[in-house]
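Subject: Structure handover

Hello,

Here is the structure you asked about. My notes follow below it.

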Amino acid sequence: MTQQGVRWTADQVLALAPDAASRKAGSKLGAAGPWSESGSADEGTVWGLCKGSGSKPYQTVIDIADAAGPAYKCSCPSRKFPCKHALGLLLLWAGGDGAVPPGQPPDWAEQWIKGRRQRAEEKRTAGASGSAPGSADPEAARRRAERRAVRVTAGATELEQRLTDLLRGGLAGAEQAGYGLWEETAARMVDAQAPGLAARVQELGAIPASGPGWPLRLLEECALLHLLDQGWLRREALPDGLADTVRSRIGLPASADGPPLRDRWLVLAQYDTADVKLTTRRIWLHGADSGRTALLLSYGAAGRAPELTLPVGLALEAELTAYPGAGQLRASLGEQFAPPAPAAIRPPGITTTEATARYGEALRDDPWLDSVPVTLDRVIPTPDGDSWQLADTDTDTALPLTPAARARPGLWRLVALSGGAPVKVFGECGHRGFTPLTAWPRGTGEAVQLY
Amino acid sequence: MNSPSVPVDPPAQDAWEELVTAALLGTDRRTPPGSAPGREAPAALLDAAAVETVRRRAGLRPALAAQRPEPAPEDTRPALPLAAARRMAMLLADRPGMAGGARRGTSPDLVELLPEWLARANDRGFAPPPEALPALLDAARGRTDLRPAALTFAGPRAVWLARLNPDWRFALRATPGGGAALPHLDDPAEIQQLWQEGLFAERVALLAAIRAREPEAARELLSTTWATERAEDRLMFLDSLRMGLGPRDEQFLEQALADRSRNVRATAAELLSALPGSALAARMAVRAGACVALDHTGDGPAIGVEAPHECDAPMERDGVVAKAPAGRGERSWWFGQLVEAAPLGSWPGRLGGRTPREIVALPVRDDWQAELHAAWCRAAVRQRDAEWARALLGSPSAPEAGGPGAVSLAERAKLLGTLGSAERAEWVAGFIATHGLSEAFQLLGVCAVPWAAPLGRAVVDALNIARDAGSYPWSFSGVMGLAERCLDPAEASRLDGLLAVPDEPEDASPGAGGYWAEAFQRLVTTLRLRAAMLSELESAAPTQADDTHPHLTTT
C-alpha cells in the first residue's frame, strides 16, 4: 500500500472530529503556518510540531495504518479526542501540497509508533492462541446468564401488569400522568437488566405530547411492547432465529458469531445519534460482491465521538461477522485487508413500491423493526404541501419523508443535488416514512452525505 | 399524511379504530371488539392491537406522487475543481460568532476570505457543486455584502432552489426579474409587454438590462410612460440612467428638472451636472463664476469669494436646495452647491489660465478656503476628474495631509476613487510612509485588492515600526485585518523575519512582542491559505476523481 493510495480527503478527516467546535478549530490548524518539522512515512504515520500559545510546540503523531481506525497522540492538554492538532495535521496532510513531506519520523514519534505496533502484534498473537478473555469459566458464565434471565422475566412480568393496568384505565389517563409514570417504569426495567425494554418504555413517555393522533401511536407502541414481553416469556416456544431477535430487542448481550463474510464493503452512510449518556454511531455498509447490507454500531461516552469512523463513499476490503437473530443486519467489523479507498461502486436501487414491500417482508422476521435500509433508484425529491416526498420518476408513487428528515439541512442538499432530476438515494424506509442518508447524482459524481 | 399510506380496507380500518377507542377509554368502560369484558380484556386488547399494528405496517404502500418540480435550468459553467470545492465548504462552515469573541490567536479568520474566493471563482467562471448551494445561500442570507458575488456564483440552480425555500427568498429579489427570465431584448413586443404590465422590480431590472446594452433605447422606453409613473418609481427609474450617462440624455433630464417631485428634480440636476457640456452645467458655471474672482489687492494673486445673496427660482429649478441645514449660513450653503455643480473645466479660464494644481495652491481670502476646496472635491468626484483630484489630494507626504486640513480623509478617499488603481496605491503608500497607519484605514479601503507591491510593503514597514515603538497590535487590528485579506499572497515570504518573538525593550508595553509575533503569524498563515486557495481555482484539472479505479464499474 503506497501512501498516495490512502491519502484521505478533508471531509474524511473532518468526520473524525468529536464535535463541531473541534472541526472548526481543526480546520483552522490545517494550514502550514503553525506547523514545523512535519512529515509522513509510507507505512501510514504522520507527525508534526504545532506552535501553540506556550513556548514549547505540541508534538502530534497519528497512526493511520491501524485497521481498527486511526490512533492519535498529542502532547497538548486537550481532552478532546482526536484533538484539534491531530485534525489540523491530518488536514494538512490531506491537502497534499507538500506541507507534509515523506521522511523519517523523529525519535519522539518513532518511539510511540513502535510501542503501538508491538502491542498490536502481541494482541494478535494472543488472540490467535485461542481463549477469548471472559470465557475463562463457562460454568460461572452460565450461572450469571441464568440469574439475569430470572430478573428479566420478573421485569417483563411487571411490565405486562403495568400495561394491563394502563389499558384497563384508558390511555386518556396517560396524558395526565405525564413522564413520571414512564420514568419510574423505565428505571424498574433498568433494574431488571432489560435495557431494551427500558428504552422502549422511556419513549412511550414522549408520545402523549407528540401531537395529533397520539393515542393511535401510543397503542401501537404499547402493543409492540406487549408483544416483546410475551415473546420473552414464551421464548422457549419460538424458533431459534426469532428467539435470538427477542433477546437482542430485550437488550441482552450477544456476540457476533456468524461465519465471517469477506467482501468489498462500500460505506453507504455514517451518522450519530446522541442522548445524555451515550453517542451511538450507525454505519451502513453494502457488499459489492455479496449484495448484502450490514450495520456496524459503535458507541462513545457522551460528548466523545465513537472510535470507529468509515468515510462515506469509500470501500474497504474486510471481513464482517453477523450478530445472531432473524432479520438482524448488525455485524461486527473483523479483519480489514486494506484501508478504505475511493471506489466507483454504487449500490443497486429499487422503486418506492419495492421499498415498502421490503419493509413489510422484514417485519416477518422482526415485527419490532422501525425501518429497513433501502436504496431508491431514480427518485425526484418533490414538495408536497409542507412536506416532502421522494417520487418515482417513472410511476406515480412516492415515499414521504419522515418529519425529522424534513427538518434537517440534508433535505436541502438533496433537493439541490437533484435539481428536479432523478437521483439515487440510500436511506431508511419504515412506517414513519423515509429518512434519506446519502445520495448520488446522475452520471459519475461522488456520494453526498445528507444526515 | 406523514407516513406512507395505509391500504384502504374498510372493515379492517373500522376494527382498528374501535381498538384505539377502547384503549383510549379503558377496557373498564368499553369492551374491545372480539373479547369478553373482565380481567382478560386488556391483554386481549393488546394482543389484537399487536396483530393489527404489524399487519398495518407490513401492508404499507407508497403514497401518491405530488406534482414534481420543474427541472432546474442547466448550469453550463465548468464544475469547480475538487480541491476548490472542499475549500469552499470549509470557508462556508466557518460561521462568525462561533468563536464567541475569544482572542483570535494565530489562526486565520476563514469567513473573511469568502469575498476574495467568490470573486476569483466568478472570474474563472466556475459552477459550484449543487449540493453546496444550501450552504452558499445560507451564507449570503446572513451577509448582505456577500450576496451579489455569492448569487452570481450560485447560478441558475440557486434561484430554482430559492423558490422552494422561503428562507432564501432574498435570492429572488436580488435576481433580475424576481427570478423570472427576462425577455429576449431583441423582441420589442415582449419588452413592451413586460414594461407595461410587469411588477416594479421586474421593470427596474428590464430597464437596467436594456440600459446596459443600448442606453438610448432604455431612455426612450422610459419616456413613453414617464408622465404616468408614480413619484417613487420615477426616482428609481431616473437613477438607473446613471449607468451609461451621456450627452444624449440631457434633453430628457432637462425636462425632469420641472418634475413635480423635489427628489426627482434634485436627481435630474445631479445627473446633468455630471455632464460638463450640458446647459445646466453652463448655467452653473456662470453662477459659480460670478462668486469667485482673482483678487490682486494683496501681496500677490489670491482668490476672493462673494457668495450669492439669494437663491432665486431658476437656481432652485437647477437643483439648488434653498433651505440650509441647521447651523450653516445660507449664503455659504448656496455657494457650495453652485461650485459643486459647475464644470471644473470652466475654472482655468476664469482664474487666469492656471492649471488645477496652481489654482488649488492659490490662497483664498476671508476663510473661504475650506468651503471652496470642499466643493471642488465634491465636483471632482462627481465629474470623475482625475487631474483635479490629483491637485486637491496634493502630495501624500505633505505635512497637512495627515492632519485635519481643508480636505478631510473621507474626501481624500473619495478623490482617490477617481484615480487609476496603481496611482491610488502609490499615493496611499506615500501617505503611510509619512504619516503611519493611524489615519490610513479609510484610505486603504479604496485600494484595489491585492495591494500593489509598494503599498503592501509600506503597510508591512509601518506595522513593523509600530511594533518597534512598543504599542500593542490590537491598536492596529483594523489594518491588520485588511492586510490579511488584501496583501498579495506572494509577499508572505518577506514577512518571515517578523514571526519571531523579539526581546522586549524596556519601554515597551508588557507582552506586546508576543502578541505581535502572534499577529504576524496569523497574517502569514492567512496569506499562505489565500495562496493555496487561489491556486486551487487556477487548476483546470478534471473535476471528478474518475480515473483512480478504472476497473470498478458503476452499478
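In which sense, parallel or antiparallel, do strand 12 of chain A and strand 1 of chain B pair? They pair in the antiparallel sense, over two bridges, with strand 12 of chain A covering residues 397-400. Ala398(A) has Ala63(B) as its bridge partner in strand 1 of chain B. Please keep in mind that this is a predicted model.

**Between the chains**

The contact between the chains involves 68 residues of chain B and 71 residues of chain A. On the chain B side, at least two residues each come from helix 1 (10-25), helix 2 (41-58), strand 1 (63-64), helix 3 (82-93), helix 5 (133-142), helix 7 (156-162) and helix 28 (512-538). Helix 2 of chain B gives the largest share of that side, 10 residues. Sorted by class, the side of chain B that touches chain A consists of 39 nonpolar, 17 polar and 12 charged residues.

Gln389(A) is placed opposite Pro400(A) of strand 12 of chain A. The hairpin that joins strand 11 of chain A to strand 12 of chain A passes through four residues.

Strand 11 of chain A is likewise antiparallel to strand 10 of chain A (residues 371-384), with six bridges between them. One of the pairs is Pro383(A) with Trp388(A), the latter in strand 11 of chain A. The hairpin of strand 10 of chain A and strand 11 of chain A has two residues between the strands, and Gly385(A) takes a positive phi near 65° there.

Why is strand 11 of chain A described as largely enclosed by the rest of the structure? The strand covers residues 387-392, and five of its six residues are buried, so it is largely enclosed. A residue counts as buried here if 20 or more other C-beta atoms lie within 10 Å of its own.

**The four-stranded sheet of chain A**

Chain A also has an open sheet of four strands, in the order 1-2-3-4, with antiparallel pairing. Strand 1 (35-41) and strand 4 (71-74) of chain A are at the edges and have a single partner strand each, so one side of each is left without a neighbour in the sheet. On average, and ignoring direction, neighbouring strands of this sheet are turned by 10° against each other.

Five bridges hold the antiparallel pairing of strand 1 of chain A with strand 2 of chain A (residues 45-50). Among the pairs, Ala41(A) has Thr45(A) of strand 2 of chain A as its bridge partner. Helix 4 of chain A (residues 84-95) lies across strand 1, strand 2, strand 3 (58-63) and strand 4 of chain A, and runs at about 65° to strand 3 of chain A.

**Domains of chain A**

Chain A is assigned domain 1 (3-123), domain 2 (146-250), domain 3 (261-342) and domain 4 (352-449). Between the C-alpha centres of domain 2 of chain A and domain 4 of chain A the distance is 30 Å. Five residues of domain 2 of chain A and four residues of domain 4 of chain A make the contact. On the domain 2 side, helix 9 (214-233) and helix 10 (240-250) of chain A are the elements that give two or more residues. Helix 9 of chain A has the largest share of that side, three residues. By class, the domain 2 side divides into three nonpolar, one polar and one charged.

**Two places in chain B**

Helix 20 (residues 369-382) and helix 21 (residues 386-393) of chain B have axes that come within 9 Å and cross at roughly 145°. The crossing is left-handed. Helix 20 of chain B contributes His373(B), Trp376(B), Cys377(B) and Ala380(B) to the contact, and helix 21 of chain B contributes Trp388(B), Ala389(B) and Leu392(B). Six of the contact residues are nonpolar, one is polar and none is charged.

Asp109(B) sits in the loop between helix 3 and helix 4 (114-124) of chain B. Is Asp109(B) buried or partly exposed? Asp109(B) has 16 C-beta neighbours inside 10 Å and therefore counts as partly exposed. Leu523(B) is 414 residues away from Asp109(B) in sequence, yet their C-alpha atoms are 10.0 Å apart in space.

Regards

Technical notes: Residues numbered from 1 in each chain as written. Chains lettered and ligands numbered in written order. Predicted model: local features only at pLDDT ≥ 70, side-chain atom pairs only at ≥ 80, totals over all residues. Contact = placed C-beta atoms within 7 Å. Nonpolar A, V, L, I, M, F, W, Y, C, P; charged D, E, K, R; others polar. Pairing = 2+ DSSP bridges. Domains from an automatic or database assignment. Axes fitted to C-alpha atoms, helices over the stretch in contact; angles between N-to-C directions. Left-handed = near helix turned anticlockwise from the far one by under 90°. Buried ≥ 20, exposed ≤ 12 C-beta atoms within 10 Å, placed from the backbone.
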